[in-house]
Amino acid sequence: MKTLPELFISNRAWAERMTRHDPEFFERLSRQQAPEYLWIGCSDSRVPANEIVGLMPGEMFVHRNVANVVVQTDLNCLSVLQFAIEVLRVRHVIVCGHYGCGGINTALDKGPHGLIDNWLRHVQDVHQKYRLDLDKLDAQHRLDRLCELNALEQARNVARTTVVQDAWARKQPLEIHSWIYGINDGLLRDLGLVLANSAESDAVTRDSVSQILAQR
Ligand code: CO
């Protein structure tokens, strides 16, 4: 007996729809994947990576965790990054945060919340870094700005990894982007950060941070 039959029923219907539309779709995908993008986003169920950019299976490599955090010691995230860049040779890494992020909200709230506090310490580091500017804002704007700044800082962390530094050193074309998604309108916003080499990364990040903090 199958458990959760409703999910198997809808899976079967989906696979049939895909095959009706393109009879060789799954056979072609089973031979290889050649995505152009790596998406690093939040685990939040309201931010389904492929769906919000209208991409099909095979078109985007995806890594998600609570509050889209990129840490230099996270072997899970680094392994995804290495495979995507060195084997799949993606052209773009997109770090996408979202407004109303529960992880960011929890990081702002003192807690304690148990195990998750260790993970959210990385978001608190971002808060600490911009504390003087963020503390001038009301609670809603503070949360919005921190969601944006966290997406920027995590994109900057992607650029600092040895995987990305090595790719740039061998002149592999690779851009790191930082976006934010609105769960209340379904729209993506580009935070204006595109990192494409080591030399300019700090200056480009500083410019984007200033733009974010200059918003009302
Ligand atoms: Co979130």
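This is a predicted model: local features need pLDDT of at least 70, side-chain atom pairs count only at pLDDT 80 or more; totals for chains, interfaces and linings use all residues.
Contact here means heavy atoms within 4.5 Å. With that in hand, let's start at Arg46.

Leaving aside neighbours within four places in sequence, Arg46 is in contact with His98, Gly100, Tyr181 and Ile183. Arg46 itself sits in the loop between β1 and α3 (49–52). Helices and strands in this report are DSSP runs, numbered from the N terminus (helices are H or I with at least four residues, strands are E with at least two).

Residues are numbered from 1 along each chain as its sequence is written, and side-chain values use heavy atoms, with hydrogens and water left out.

Helix α6 covers residues 116–129, which makes 14 residues. From first C-alpha to last it reaches 20 Å, close to the 20 Å expected at 1.5 Å a residue; that expected span is 1.5 Å times one less than the number of residues. There is still a kink of about 35° in α6, centred on His122. The bend at a residue is the angle between axes fitted to the seven residues ending there and the seven starting there.

Which residues of α6 are buried? They are Asp117, Leu120, Val123, Gln124, Val126 and His127. The buried residues of α6 pack against α5 (102–108), α7 (131–134) and α8 (139–160).

## Salt bridges

Side chains of opposite charge can pair when their charged atoms come close. A salt bridge here is a side-chain nitrogen of Lys or Arg within 4 Å of a carboxyl oxygen of Asp or Glu, and the structure holds 9 of them. One of these joins Asp133 and Lys136, with the closest N and O atoms 3.7 Å apart. Asp133 is partly exposed at 32% relative accessible area, whereas Lys136 is exposed at 66%.

Another pairs Arg145 with Glu148, the closest N and O atoms being 2.8 Å apart. Both lie in helix α8, 3 residues apart, or about one turn of the helix. An α-helix has 3.6 residues a turn, so residues three or four places apart point the same way. Arg145 counts as buried at 7% relative accessibility, and Glu148 is buried too, at 0%. Then there's Arg156 with Asp202, whose closest N and O atoms are 2.7 Å apart. That pair links distant parts of the chain, 46 residues apart: Arg156 is in helix α8 and Asp202 in helix α10 (residues 201–214). Arg156 is buried, at 7% relative accessibility, while Asp202 is partly exposed at 40%. Salt bridges that share partners also join Arg145, Glu148 and Arg189 into one network.

Most residues other than glycine have a negative phi, and most peptide bonds are trans. Asn68 is not a glycine, yet has a positive phi of about 40°. You'll find Asn68 in the loop between β2 (60–65) and α4 (75–87), and it is buried at 2% relative accessible area. Lys171 has a positive phi as well, near 65°. Lys171 lies in the loop between α9 (162–169) and β4 (175–181) and is exposed, with a relative accessible area of 73%.

Where is the cis peptide bond? It runs from Gly111 to Pro112, with omega near 10°. Pro112 lies in the loop between α5 and α6.

## One more loop

Gln32 is found in the loop between α2 (25–31) and β1 (37–42). Gln32 is exposed, with a relative accessible area of 55%. Its C-alpha is separated by 9.9 Å from that of Leu88, which is 56 residues away along the chain.

Terms used
Buried means under 20% relative accessible area, exposed over 50%, partly exposed in between (1.4 Å probe, protein chains only).
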